Amino acid sequence: MRVGVLTSGGDAPGMNAAIMAVVKAASYYNMEVIGIKYGYKGLLNGDIHKLTYSDVENIADKGGTILKTARCMEFMEGSGIEKAVEVLKNLDINSLIVIGGEGSFKGADRLHKLGVNVIGIPGTIDNDLRYTDYCIGFDTTLNTVLECIGKIKDTDYSHDKTTIVEVMGRYCGDLALYSALAGGGEIISTPEKKLDFDTICSKLSLRMNSGKNDNIIIITERMYDLQELQRYIEEKLKTSVRTTILGFIQRGGNPSGFDRVLASKMGIKAVDLLNNGYSGLAVGVKNNKIIDIEFEDVNNEIVDKQDSYDMLDILLH
Ligand code: F6P
C-alpha cells in the first residue's frame, strides 16, 4: 500500500510528531509513505517526496510542519477535487492521511466520496473540532498563552494595571476558557459566552472595588474592536488599560509532551484504520480513549463545555 500524508490549514505544534508516527506505523505494516508538501495545494501540483523511517527520527519535538502547509481555495471550492483524484491515481497513491482542521476534513471527505481511502487527524490550535476532546496543538498553545499571560501579569501587578489579552481560536473559545480555568485571567469573553462592554466593565469594577488592581481580561479573537473596548473601559471606569494581541507566537514552539503523545497515538490509529480497509473517518480522543468517527458526523458530535463554564463561574466569582 502507498500512503500519502499531508498537513493542511494553519500549522499546529505536534503535526511533526503525527507525521513521525504515521511514517513509523506505516513502516511497521510495510507500507510506503509519500509526503505531500503544502497541503492540498501541493497535491494539485504533485509536490511530493518519499518519507522513510530515518527521515522522521528527529522531528517529533519540532514545531510547525516539515511538510509545510497551505490554505487552498481552489481545492475547497470544488474545481480542484477531480484533479486531485487524478494526481493521486497517477502517483499510484491509493490512501491518504490528512492532518488539519475542519476545512481540511471537508476536503478529505470529498476525496473519500470520490473513492480515495482517507483518514483525518485533527491538528489545530483552536480545538474547534467538537467531536474530539483535544486536537493536536491545543495543549502546546495553551501553555504558550499561559506563559505569555504570566509575563504580562508581572508587569500588571507592579503597575496596578488591567490588560486585555486577545488569544486565537477563530470562532472557538477554548484557548480563552482553558487559560482562565488555569488561573490565567479574571474576566473572559468567548464566542460561546460573549460579554457586552458594560458587563465587562461591571465585572472589572467589582474586582477593582475589592482591591484587585491588576486584572487580565481574556478575549477570543474576531469578537470586538479591541481599541474601542479599551477606550470604553478607560472612559467608564476612569482607569488606564493595556491591550496585548498574542498573535502568531501562539502557533509556534516545541510541542508539549501531551501533544506529542496524542499525535503518536492518532498517527498510529490512522495507519491502523487504513491497513484494515477503513476510509472516511476522523480520528479523535474521548475520555482518554482514541476513537474514530465518520467525517460526516464531525460537526454533529458536540463536546459539552457547559460544565467548564460553570466551574469558571465559581473560580471567577
Ligand atoms: O486555525 C488556526 C489559526 O491560527 C486561527 O486561530 C487563526 O484565526 C487563523 O489560524 C489565522 O489564519 P492564517 O494563518 O491564515 O492567518
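At what angle do helix 4 (residues 81-90) and helix 5 (residues 102-113) pack, and how far apart are their axes? The angle is about 65°, and the axes lie 10 Å apart. Here an axis is a line fitted to C-alpha atoms, for helices over the stretch in contact, and angles run from 0 to 180 degrees between N-to-C directions. Helices (H or I, at least four residues) and strands (E, at least two) are DSSP runs numbered from the N terminus.

A word on the model before going further. It is predicted, with local features needing pLDDT of at least 70 and side-chain atom pairs counting only at pLDDT 80 or more, while totals for chains, interfaces and linings use all residues. Residues are numbered from 1 along each chain as its sequence is written, and side-chain values use heavy atoms, with hydrogens and water left out.

Ile 81, Ala 84 and Val 85 of helix 4 meet Gly 107, Arg 110 and Leu 111 of helix 5, where contact means heavy atoms within 4.5 Å. Four of these residues are nonpolar, one is polar and one is charged. In this grouping Ala, Val, Leu, Ile, Met, Phe, Trp, Tyr, Cys and Pro are nonpolar, Asp, Glu, Lys and Arg are charged, and the others, Gly among them, are polar.

Helix 1 (residues 15-28) and helix 10 (residues 257-275) make another pair, with axes that come within 7 Å and cross at roughly 40°. This crossing, too, is right-handed. Helix 1 brings Ala 17, Ala 18, Met 20, Ala 21, Val 22, Ala 25 and Ala 26 to the contact, and helix 10 brings Arg 260, Ala 263, Ser 264, Gly 267, Ile 268 and Val 271. Ten of the residues are nonpolar, two polar and one charged.

**Around the annotated residue**

An unreviewed UniProt entry annotates Asp 126 as "active site"; such annotations may be inferred rather than shown by experiment, feature names are shortened, and positions follow the numbering used here. Asp 126 sits in the loop between strand 5 (117-122) and helix 6 (138-159), and Asn 127 belongs to that loop between strand 5 and helix 6 as well. Leaving aside residues up to four places away in sequence, Asp 126 touches Met 168, Gly 169, Arg 170, Cys 172 and Asp 174. With the same exclusion, the neighbours of Asn 127 include Tyr 134, Phe 138, Cys 172 and Lys 305.

The side chain of Asn 127 makes a polar contact with that of Asp 174 at 3.0 Å, and also reaches the backbone oxygen of Asp 133 at 3.3 Å. A polar contact is a pair of N or O atoms within 3.5 Å; within protein, one must be able to donate a hydrogen and the other to accept it, and residues adjacent in sequence count only if both atoms are side-chain atoms.

**Other loop residues**

Ser 256, in the loop between strand 9 and helix 10, is joined to Asp 139 by a side-chain polar contact of 2.5 Å. Two residues other than glycine have positive phi: Tyr 38, at about 60°, and Lys 238, near 50°. Tyr 38 is in the loop between strand 2 (32-36) and helix 2 (39-45), and Lys 238 in the loop between helix 9 (226-237) and strand 9 (241-245).

The table gives accessibility, where buried means under 20% relative accessible area, exposed over 50%, and partly exposed in between (1.4 Å probe, protein chains only).

| Residue | Relative accessible area | Class |
|---|---|---|
| Asp 126 | 8% | buried |
| Asn 127 | 1% | buried |
| Ser 256 | 16% | buried |
| Tyr 38 | 34% | partly exposed |
| Lys 238 | 71% | exposed |

How values were computed:
A crossing is left-handed if the near helix is turned anticlockwise from the far one by less than a right angle, and right-handed if clockwise.
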